[in-house]
Amino acid sequence: MSTETTFKREVVVLGRGFDRAIYLFLAAAIPLLVLAGVHTLLPLVQPTRPVAPLGTVVLEMKDMAYSSEEIVTAGSTVNVSLSNLDFLPHTFTIDEVGMDQEVPALGKAQLTFTAEPGVYSIYCAIPGHREAGMVGTLTVTP
Ligand SMILES: [Cu+2]
């Protein structure tokens, strides 16, 4: 008998608390869900890394080196997308074509230049970097 009474009272108390809990949960969860949705959709709308156009050489500058030491491109127009991941500036320099592009620390640069078919030396013109091995070759095929 007394057990039944206790049970009913508990249900009533639990019911009130439960409604309040749902309300608080929704009040907290809805903004979070909206934020989560925005975060989930954002990369689809705005990629964190820019997508390089087709035919573009994507080159990273990291730890005093280019991510590819040998680059081969076809045609006289060369497109290069540079990302400097180091905390110091680097350059993409090819003397024969008059290219000398500095990329600031953690910066990016897009290059378009023309080069006759041939093999060209690439190096970083920041003092000491070429000597440290920041070099590469660009081969342009017809
Ligand atoms: Cu450098």
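Tutor: Let's start with a pair of strands: β1, residues 56-62, and β4, residues 77-84, run parallel to each other and are joined over 6 bridges. To see one of those bridges up close, find Val-58, whose partner in β4 is Ser-81. Keep in mind as you look that this is a predicted model.

Now widen the view. The two strands belong to an open sheet of 4 strands, with the order β2-β1-β4-β7 and mixed pairing. At the edges of this sheet are β2 (65-66) and β7 (108-114), each of which pairs on one side only. As background, the strands of a sheet pair through backbone hydrogen bonds, and they may do so in parallel or antiparallel fashion.

Next, follow the chain from β1 towards β2. The loop between these strands holds Asp-63, and Met-64 lies in that loop too. In general, most residues other than glycine have a negative phi. Asp-63, however, has a positive phi near 50°, and the phi of Met-64 is also positive, near 60°. What about their surroundings? Asp-63 has 11 C-beta neighbours inside 10 Å, so it counts as exposed. Met-64 has 16 other C-beta atoms within 10 Å and is therefore partly exposed.

Strand β3, residues 70-74, runs parallel to β9, residues 135-141, with 5 bridges between them. Within this pair, Thr-73 stands opposite Val-140 of β9. The number of buried residues among the 5 in β3 is 0, so this strand lies largely in the open.

From β9, step back into the loop that comes between β8 (118-123) and β9, where you will find Pro-127. This proline is exposed because it has 7 other C-beta atoms within 10 Å. Pro-127 and His-90 are 37 residues apart in sequence, and their C-alpha atoms are 9.7 Å apart in space.

Of the 142 residues, 14% count as buried. As for contacts between residues at least 6 apart in sequence, 50% join residues at least 24 apart.

Key
Residues numbered from 1 in each chain as written. Predicted model: local features only at pLDDT ≥ 70, side-chain atom pairs only at ≥ 80, totals over all residues. Pairing = 2+ DSSP bridges. Buried ≥ 20, exposed ≤ 12 C-beta atoms within 10 Å, placed from the backbone. Contact = placed C-beta atoms within 7 Å.
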